Amino acid sequence: MKVQKIDQPASIEKLEPWGSVEGLPDTPTIQLSGLQKIIPGKENVDTGIFECTAGSYRRSVKQAEIMHFLSGEGSFTPDGEATLTFKPGDSFFFEENTQGTWVIETQMRKLYVIFDAA
């Protein structure tokens with residue numbers, strides 16, 4: 001199928017548990033959940049919905065990524081650069097190998113596409 005639709009991604013109540021990630025010192029463990037969409041013939045593209053609880057952690061994705069925030073507020077600080085804040089309706093583009101720190105103030109949900117930019 002050439003077109004895949006995610007109906008009302010901000011209001012989907014049941015996401016799959018994706019485990020947890022240890023928060024940075026003095027922050028709680030962050031619970032992760034999501035819904036991955038597989039595009040037949042493009043399995044190297046990772047896309048879907050990602051959600052996490054409040055906390056702070058290091059970004060571990062090595063590929064390029066485009067994201068659009070559906071809910072939550074917080075910030076991302078790329079290593080050696082200024083902090084960028086986000087709120088619902090904002091979008092970010094990450095070049096591949098972008099490292100930095102997420103600070104999630106309120107539970108965050110985003111649509112994402114992760115891909116090899118080369």
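Predicted model: local features only at pLDDT ≥ 70, side-chain atom pairs only at ≥ 80, totals over all residues.
**The overall tally**
- The count of aromatic pairs comes to 11.
- Some of the rings join up: Phe 69, Phe 76, Phe 86, Phe 92, Phe 94 and Trp 102 are linked into a cluster by ring pairs.

**Phe 76 with Phe 94**
- To describe a pair of aromatic rings, you give the distance of the centres and the angle of the planes.
- For Phe 76 and Phe 94, the centres sit 4.8 Å apart and the planes are at 80 degrees, so this pair is edge-to-face, given that angles over 60 degrees get that label.
- This pair links distant parts of the chain, with Phe 76 in strand E5 (residues 64-78) and Phe 94 in strand E7 (residues 91-94), 18 residues apart.
- Phe 76 has a relative accessible area of 1%, and Phe 94 comes in at 4%, so it counts as buried too, the cut-off being under 20%.

**Phe 76 with Trp 102**
- Phe 76 also pairs with Trp 102: the ring centres are 4.8 Å apart and the planes are at 55 degrees, so this one is tilted.
- Trp 102 belongs to strand E8 (residues 100-115) and Phe 76 to strand E5, so the pair ties together parts that are 26 residues apart in sequence.

**A charge over a ring**
- Phe 94 has Arg 59 lying over its face, 4.3 Å from the ring centre.

Methods
Residues numbered from 1 in each chain as written. Heavy atoms only, no water. Phe/Tyr/Trp six-rings, centres within 6.5 Å; stacked < 30°, edge-to-face > 60°. Helix = DSSP H or I, 4+ residues; strand = E, 2+ residues; numbered from the N terminus. Buried < 20%, exposed > 50% of the residue type's maximum accessible area, 1.4 Å probe, protein only. Lys NZ or Arg CZ within 6 Å of the ring centre and 35° of its normal.
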